[in-house]
Amino acid sequence: NARSSRSHLVAIVTVTQKREGVTTAGKLYICDLAGSEMVRKTEAEGQRLQEAKAINRSLSALGNVIKALTLPQSQSGGGASASSHVPYRDSKLTRLLQDSL
């Protein structure tokens, strides 16, 4: 689709309520993620190719974070005392969504 945007959209809405001296806060994450693109199928070139690569990298990074979060502690490679590494820093997308994942 030539008119389609080649990007993700993340909107973070922060809501704060103060009642009787108690402050309660929450965040709502609204995400519209671009779909992955098969470069050889779409024959993307130039700027569009670079955008497709960046989109595919960020979606892969998101998948890696979700996979790391769903692995049982015993599969993280080190027993109960080892902490699991979750690769949030691999993309801007996963850094933005870190609090919600």
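Contact means heavy atoms within 4.5 Å.

**View 1. Helix α2 and its cover in the predicted model.** The buried residues of α2 are Leu49, Ala52, Ile55, Ser58, Ala61, Leu62, Val65 and Ala68. What covers them includes α1 (39-42) and α3. An α-helix has 3.6 residues a turn, so residues three or four places apart point the same way.

**View 2. The span of α2, end to end.** This helix has 25 residues. At 1.5 Å a residue, they should span 36 Å. The end C-alpha atoms of α2 lie 37 Å apart, which agrees.

**View 3. The largest pocket and its lining.** The volume of this pocket is about 200 Å³. Its lining consists of His8, Leu9, Val10, Ala54, Arg57, Ser58, Ala61, Asp90, Ser91, Lys92, Leu93 and Leu96. Two or more lining residues come from each of β1 (9-19), α2 (46-70) and α3 (92-97). Helix α2 gives the most, with 4 residues. By class, the lining holds 6 nonpolar, 3 polar and 3 charged residues. Ser58 and Ala61 belong to this lining, and both are buried in α2.

**View 4. Gly26 in strand β2.** Strand β2 covers residues 22-32 and includes Gly26. With a relative accessibility of 32%, Gly26 counts as partly exposed, because that class lies between the 20% limit for buried and the 50% limit for exposed. Leaving aside neighbours within four places in sequence, Gly26 is in contact with Val13, Thr14 and Val15. Val13 is 13 residues from Gly26 along the chain, and their C-alpha atoms are separated by 8.3 Å.

Technical notes
Residues are numbered from 1 along each chain as its sequence is written. This is a predicted model: local features need pLDDT of at least 70, side-chain atom pairs count only at pLDDT 80 or more; totals for chains, interfaces and linings use all residues. Side-chain values use heavy atoms; hydrogens and water are left out. On a 1 Å grid over the protein atoms alone, a cavity is a set of points where a 1.4 Å probe fits but cannot get out, and a pocket is an open set with protein on both sides within 12 Å along at least five of seven lines; lining residues have an atom within 4 Å of a point. Grid points are joined across faces, edges and corners, and a volume is the space filled by probe spheres set on the points. Ala, Val, Leu, Ile, Met, Phe, Trp, Tyr, Cys and Pro count as nonpolar, Asp, Glu, Lys and Arg as charged, and the others, Gly among them, as polar. The expected span of a helix is 1.5 Å times one less than its number of residues. Buried means under 20% relative accessible area, exposed over 50%, partly exposed in between (1.4 Å probe, protein chains only).
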